[in-house]
Amino acid sequence: MSKQVELALVSLMPTYGSDLPPALVESASSLLAQSRHLASTLKAEEEIARLYACAHIACDRLKMALDLPTIEPRPPIPPRLYRRLYAHLDNILPNTSAGGRRTRSAGSRLRDAQRDAGEPSASSQARPIPSRPEPSKEAALAQFRKRAGSDAKPRATPNRQGHASLGEPDMYPWVRPVIRHLCAASGRQKLAPSMLAGMESILLPGGRKTKDEWASRHAAALCAAVHFFVAMRARDVDQEQAMQPKIYEATRAEILGRLSRARQEIEAKGAEPDALWEGWTDVSEKDFDAAVSRAREKSWLEADWYAGITDVIGIGLRQEAGAADAHDEEDALQAQQQRADTMFQEKYDYLSESRRAEYETWKEATLARISALSASLGDPGGGN
């Protein structure tokens, strides 16, 4: 888990490098552990960004104390949902950091006292004040002329020969509708956010375009591979079992069949078909096998999006169990209304359907008996 925390911190501060302060990593890990205790039931889309939000909170709280660079958050969920999650976790998680205050040393206090008294400090006496010559008019205006000339140039268009260029911070336009199509066809719509987070972690690591050219060219095959691993995780099948020929080949054929129908079944709402399917390529069995192998070799399945699938499934099961409990409580309440110490008992319900049917049967039988008796008695004075 510490590796995933470090990856989240690096994506928040891409200019810092990989040599992170131990105090920052420890604080982010501690906040993550506390969040699982204090906010154990997050929504499915919020659970994906739990680790990222805890790392972000740790950076904000230790920014001054550790002199961190500019924080550039690129959350794995929409900004509106992320802001709400960040505010919720920041409110409930205790702040045990130094509050952004630095501890002043004796040397700094001495320099402040010398400055207040008007005395030059030892560092100022040892080092001369740097200076630079005043630039000429042409040199000062050159940078503005150069910037104006660059702004006048037309923007580069996407490369349509091989595949479209990945946008920043967005992905190919077909990724989201294809993910929804695959999850709906498999009956697991709640796993669409997890699958989208997996594609973003591969194609846009840290919110920037991936440098893996193979991944950019085979995005459709990667989408199928990510769906494969998500489906196996949802069925509680580990990676070794999933690669068994009997399971692997059947699941591969099922996924490729759904993927081949995507362009015919997905409607282009608000976009031209050519623009929507820009960068799309047909996926063969060979492409699928290569994407599955590369996902395992590149350790893309060790990211937080894949580990959080179990939590997403658990949340769904808890919600279904809650709905079932509510239904059972309703039935229990209805049964409680028919207790012996209340008037809502079946023997006192004279207008029920069963009582009405019994009355009709009794009425018909009684009238039939009366008719039979009247016919057998006849008229007493009819024979005289």
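**View 1. Contact of α13 with α18.** Residues A221, L222, A224, A225, F228 and F229 of α13 meet D287, F288, A291, V292, A295 and R296 of α18, where contact means heavy atoms within 4.5 Å. Helices are DSSP runs (H or I, at least four residues) numbered from the N terminus. By class this contact has 10 nonpolar, no polar and two charged residues; Ala, Val, Leu, Ile, Met, Phe, Trp, Tyr, Cys and Pro count as nonpolar, Asp, Glu, Lys and Arg as charged, and the others, Gly among them, as polar. The axes of α13 (residues 219–234) and α18 (residues 285–297) come within 8 Å and cross at roughly 65°; axes are lines fitted to C-alpha atoms over the stretch in contact, with angles from 0 to 180 degrees between N-to-C directions. The model is predicted: local features need pLDDT of at least 70 and side-chain atom pairs pLDDT 80 or more, while totals for chains, interfaces and linings use all residues. Residues are numbered from 1 along each chain as its sequence is written, and side-chain values use heavy atoms, without hydrogens and water.

**View 2. Crossing of α4 and α6.** The axes of α4 (residues 50–61) and α6 (residues 79–92) come within 10 Å and cross at roughly 60°. That makes α4 oblique to α6 (angles under 35 degrees count as roughly parallel, over 145 as roughly antiparallel, 65 to 115 as roughly perpendicular and the rest as oblique). On the α4 side the contact includes Y52, H56 and R61, and on the α6 side Y82, L85 and D90. Its residues divide into eight nonpolar, one polar and four charged.

**View 3. Lining of the largest pocket.** Among the 44 lining residues, P76, A197, E200, S201 and L204 are the closest to the pocket centre; lining residues have an atom within 4 Å of a point on a 1 Å grid, and a pocket is an open set of points where a 1.4 Å probe fits, with protein on both sides within 12 Å along at least five of seven lines. Helix α11 supplies the largest share, seven residues. The lining divides into 27 nonpolar, seven polar and 10 charged residues.

Terms used
Helix = DSSP H or I, 4+ residues; strand = E, 2+ residues; numbered from the N terminus.
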